[in-house]
Amino acid sequence: MIASQWISRLFSRSMPKEAALVVLGKTNSSNPLTPANVVADRRIQKSAAELDQSFFCWLLSCSSEELAQDSEALREKEMRVLKMLDQGHLALEQLPRRPASLPMLIKLLNDDESSHSEITKVLLTDPALTSQILKTANSPFFRISSDTIESVDQAVLVLGSRGVRNIVSATVMMPMMKRKNSREGELSEKAWQWALLSATASDQYSSRQGREPGALYLLGLLPSLAYLMIYRSLLAYQKDVPSLGEIEPAVVRSILSKRCWRVCQAISQQWGLPDTCKEYLLEAEGTGVRSEFRPLIDGVTLGRHKALEANSVSPLDDEQVFALTSAPNAIDLKVVNYLDRALGDTA
């Protein structure tokens with residue numbers, strides 16, 4: 001199924017090593033040095049590498065051979081482009097507008113004592129946001145009945161705090177996902193597929209392990225947004241700096257992987273997200289304090305698999321992906337069932 005058909009219905013660093021490290025705590029905590037565990041770890045690393053390879057082949061519409069290209073010239077080009085990005089040539093002004101009401105909304109939506117009327121009142125202070133919320137609430141991925149949601153107050157009552165929070169997060173992202181040209185448009189559609197699945201999975205991993213999900217849905221959207229922002233910058237470099245020539249898929253993949261979480265941090269800071277968001281992002285990047293509870297990493301990993309599976313190109317089955325998460329298998333299964341039902345409801 002092509003991306004445009006799928007999206008009409010559903011509306012790092014590179015992950016292999018990170019995913020493999022995540023799993024070590026899940027499978028090898030009792031005795032990591034046994035021969036059986038060494039074999040299991042190698043199998044896990046192989047699965048993580050296969051998922052990562054397939055994901056970038058799909059996202060960049062290229063072959064495995066193109067991703068595997070390596071030469072001194074390509075490494076020099078990568079260093080040159082990374083330098084451009086790090087010198088500030090990533091246009092953060094392209095970011096979608098952060099509603100002025102977002103901090104207050106997050107606070108209210110995360111407070112069990114908040115009333116529907118309080119949430120509605122804050123939403124109504126931003127007409128553009130409320131319009132988008134109603135549009136999103138009636139889209140296939142979020143709509144929970146055949147009845148049309150006609151007002152913000154109705155949306156809050158029908159969807160509840162979590163549903164509204166997730167719609168607000170998705171609404172903030174939508175302007176960046178609009179097609180600007182054919183080349184960017186194809187990646188944009190795929191990034192949006194991955195974004196919705198990663199965000200939903202991150203939120204589910206958090207709530208099903210008895211934790212307050214907070215802004216995890218929004219954080220689950222950020223990697224795909226970071227990828228799109230970086231990709232747009234690379235296309236601009238090709239146009240504005242002719243000596244670069246075509247930026248090869250292998251270089252694009254490496255740059256996306258190496259700068260993803262740094263850009264996520266920049267977005268989080270510019271939007272004024274809570275400090276807990278920074279902690280989750282640092283952990284995902286591998287520079288923060290590691291914990292046994294990693295809903296963002298798990299959600300992004302499962303989101304990749306489900307995006308590929310929806311397009312019939314995932315190299316793994318669900319159980320193989322379960323080995324790549326930090327969550328118990330019982331939680332993995334519940335999250336997968338939730339995503340599968342959501343996808344089925346939009347068919």
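**Whole chain**

I began with burial: 54% of the chain's 347 residues count as buried. I kept in mind that this is a predicted model. For the surface, I noted that the chain exposes about 15500 Å², with carbon and sulfur atoms supplying 52% of that area. I then looked up the secondary structure and found 16 helices and zero strands.

**Helices H11 and H13**

Next I picked a helix pair. I reminded myself that two packed helices are described by the angle between their axes and the distance between the axes. My pair was H11, residues 216-240, and H13, residues 275-285. Their axes come within 11 Å and cross at roughly 45 degrees. That angle makes H11 oblique to H13. I also wrote down that the crossing of H11 and H13 is right-handed.

Which residues meet there? From H11 I listed Leu216, Leu219 and Leu222, and from H13 Cys277, Tyr280 and Leu281. Sorting the residues of this contact gave me six nonpolar, no polar and no charged.

**Val313**

Last, I went to a loop. Val313 lies in the one between helix H14 (295-310) and helix H15 (318-322). Is Val313 buried, exposed or partly exposed? Its relative accessible area is 38%, so I put Val313 down as partly exposed.

I then checked its surroundings. Leaving out residues up to four places away in sequence, Val313 touches Ser54, Trp58 and Leu308. I also looked at Phe55: Val313 and Phe55 are 258 residues apart in sequence, yet their C-alpha atoms are 8.6 Å apart in space.

Technical notes: Residues are numbered from 1 along each chain as its sequence is written. This is a predicted model: local features need pLDDT of at least 70, side-chain atom pairs count only at pLDDT 80 or more; totals for chains, interfaces and linings use all residues. Side-chain values use heavy atoms; hydrogens and water are left out. Axes are lines fitted to C-alpha atoms, for helices over the stretch in contact, and angles run from 0 to 180 degrees between N-to-C directions. Helices (H or I, at least four residues) and strands (E, at least two) are DSSP runs, numbered from the N terminus. Angles under 35 degrees count as roughly parallel, over 145 as roughly antiparallel, 65 to 115 as roughly perpendicular and the rest as oblique. A crossing is left-handed if the near helix is turned anticlockwise from the far one by less than a right angle, and right-handed if clockwise. Contact means heavy atoms within 4.5 Å. Ala, Val, Leu, Ile, Met, Phe, Trp, Tyr, Cys and Pro count as nonpolar, Asp, Glu, Lys and Arg as charged, and the others, Gly among them, as polar. Buried means under 20% relative accessible area, exposed over 50%, partly exposed in between (1.4 Å probe, protein chains only). Accessible areas come from the Shrake-Rupley method with a 1.4 Å probe; for residues, only the protein chains shown count as cover.
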